[in-house]
Amino acid sequence: MSDCVLAFTDGACKGNPGPGGWGVLLRWGETEKELCGGESQTTNNRMEIMAVIAALESLKHPTCIEVTTDSQYVKRGVTEWMTRWKRNGWLTAERKPVKNRDLWERLDGALGPHQVRWHWVRGHTGHAENERADRLANQGIPGPGSR
């Protein structure tokens, strides 16, 4: 059994912006847990970030976790851009406010206690766990009449 929790995350949106959902498949050894949720008015990028936040916030103790995402935005945001954004007062290299700052700050806090390794996969190419996370994200999209 791997010492690390494996997290497969995805976001989805019907329209961008529009109703959106996020999905997470967590795996530790033979144990699996599925999470999903959504918002009635959001963007795909926000749902991609929320999926990772949900995965990290579901962990009860500091943990080694391997996050697999099909979002370059999320992976590069954490591994390449976030340090500079924080140093620059959450401004981009062009001195513009970072989009989705509220979620980036929440993600930054959620990362804190964990040892995180990042993996990127191309979406919709038959990667079994990514496809499950995609189904969960679509399941999390609120239907008509929900808030």
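A word on conventions before we set off. Residues are numbered from 1 along each chain as its sequence is written, and side-chain values use heavy atoms, with hydrogens and water left out. Because the model is predicted, local features need pLDDT of at least 70 and side-chain atom pairs count only at pLDDT 80 or more, while totals for chains, interfaces and linings use all residues.

Five strands form an open sheet in the order 3-2-1-4-5, with mixed pairing; strands here are DSSP E runs of at least two residues and helices are H or I runs of at least four, both numbered from the N terminus. Two strands pair if DSSP finds at least two bridges between them. At the edges sit strand 3 (31-42) and strand 5 (115-120), each pairing on one side only. From one strand to the next, the twist averages 20°. Helix 4 (residues 128-140) lies across strand 1 (5-13), strand 2 and strand 3, and runs at about 140° to strand 2.

Now turn to helix 2 (residues 72-87) and helix 3 (residues 101-111), whose axes come within 11 Å and cross at roughly 95°. Axes are lines fitted to C-alpha atoms, for helices over the stretch in contact, and angles run from 0 to 180 degrees between N-to-C directions. Helix 2 brings Y73, V74, G77, V78, M82, W85 and K86 to the contact, and helix 3 brings W104, L107, D108 and L111; contact means heavy atoms within 4.5 Å.

I49, in helix 1 (residues 44-57), is buried, with a relative accessible area of 0%; buried means under 20% (1.4 Å probe, protein chains only). Beyond its neighbours within four places in sequence, I49 contacts Y73, V74, N100, L103, W104 and L107. N100 lies in the loop between helix 2 and helix 3 and counts as buried because its relative accessibility is 16%. The side chains of N100 and Y73 are joined by a polar contact of 2.9 Å, that is, a pair of N or O atoms within 3.5 Å, where within protein one must be able to donate a hydrogen and the other to accept it, and residues adjacent in sequence count only if both atoms are side-chain atoms.

How values were computed. Buried < 20%, exposed > 50% of the residue type's maximum accessible area, 1.4 Å probe, protein only.
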